[in-house]
Structures are given as C-alpha cells and as structure tokens.
Amino acid sequence: MCRYAMQAHITTQDGREGVAKSGVMPTMTPAVLIVRDPILDRMATIINLPAAEYTKAFRVLISTFSVADTRRSETECRGACTHGWHNLE
C-alpha cells in the first residue's frame, strides 16, 4: 500500500483528508506521521511500525491513497491514463 501511495504522489494534504476519512483518531501514530513532511521519510517510518499498528496504518494508507488517486485522476491523469492503480478492483 505504501508503494501505491507513493506512486500516487501523496501529499500531506492528502494525508489530512485520508485521516479524516479513515476512522482512525488523528492522534494515533500512523495518522500523525502521514500529515508531516517529508512524506517519503514518514512512509518509511509507517512501514516499520510495530504489528500492533498495522490495522490503523493500513486504514490511514488506503484512505490517503484514495484521496491522492482521486486528485491525480482528476488533474494529471484525466483522459487516457494507463496507471494500474486507478483500476484496482
């Protein structure tokens, strides 16, 4: 999920929106990390969180990916885009 999120060029603003949609409290570790720059360094930290954080991290990442993917689909990828992650079903 981290790789897809990075390929979608997530931003800290995407992270804020993703946390709001994830159902994870904004004070939880993955939620705190996803809204801080530099985002790539924070993603590395999220990947290495302890197992007890996996569910929260996944929820935050999938929500943030969704926000970033939607943003990119509507701006940079409008029209004939072939990014595989736009069609994850």
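Helices are DSSP runs of H or I with at least four residues, and they are numbered from the N terminus. With that numbering, the loop between α1 and α2 can be found, and H9 is in it. The model is a predicted one.

**Stop 1: H9.** Select H9 and look at its backbone. Most residues other than glycine have a negative phi. H9 is not a glycine, yet its phi is positive, at about 60°.

**Stop 2: I10 and the core.** Now select I10. Leaving out residues up to four places away in sequence, I10 touches A5, I34, I39, M43, T64, A68 and R71. I10 is also one of the residues with the most contacts inside the largest nonpolar core, along with I34, M43, I46, V60 and L61. That core has 18 residues. Which elements give two or more residues to the core? They are α1 (2-7), α3 (29-34), α4 (39-47) and α5. The most comes from α5, which gives five residues.

**Stop 3: α2 against α5.** Select residues 12-22, which form α2, and residues 54-74, which form α5. The two helices pack at an angle of about 125°, and their axes are 7 Å apart. The helices α2 and α5 are therefore oblique to each other. Their crossing is right-handed. To see the contact, show D14, G15, E17, G18, V19, K21 and S22 on the α2 side. On the α5 side, show R59, V60, S63, T64, V67, A68 and R71. Coloured by class, this contact has four nonpolar, five polar and five charged residues.

**Stop 4: P38.** Move to the loop between α3 and α4, where P38 is placed. Most peptide bonds are trans. The bond from D37 to P38 is cis, with omega near -10°.

**Stop 5: E53.** Is E53 buried or exposed? E53 is buried, because its relative accessible area is 15% and the cut-off for buried is under 20%. Show T29 and P30 as well: E53 is in contact with both, leaving aside its neighbours within four places in sequence.

Methods:
Residues are numbered from 1 along each chain as its sequence is written. This is a predicted model: local features need pLDDT of at least 70, side-chain atom pairs count only at pLDDT 80 or more; totals for chains, interfaces and linings use all residues. Side-chain values use heavy atoms; hydrogens and water are left out. Axes are lines fitted to C-alpha atoms, for helices over the stretch in contact, and angles run from 0 to 180 degrees between N-to-C directions. Angles under 35 degrees count as roughly parallel, over 145 as roughly antiparallel, 65 to 115 as roughly perpendicular and the rest as oblique. A crossing is left-handed if the near helix is turned anticlockwise from the far one by less than a right angle, and right-handed if clockwise. Contact means heavy atoms within 4.5 Å. Ala, Val, Leu, Ile, Met, Phe, Trp, Tyr, Cys and Pro count as nonpolar, Asp, Glu, Lys and Arg as charged, and the others, Gly among them, as polar. A nonpolar core is a set of buried Ala, Val, Leu, Ile, Met, Phe, Trp, Tyr and Cys residues joined through side-chain atoms within 4.5 Å. Buried means under 20% relative accessible area, exposed over 50%, partly exposed in between (1.4 Å probe, protein chains only).
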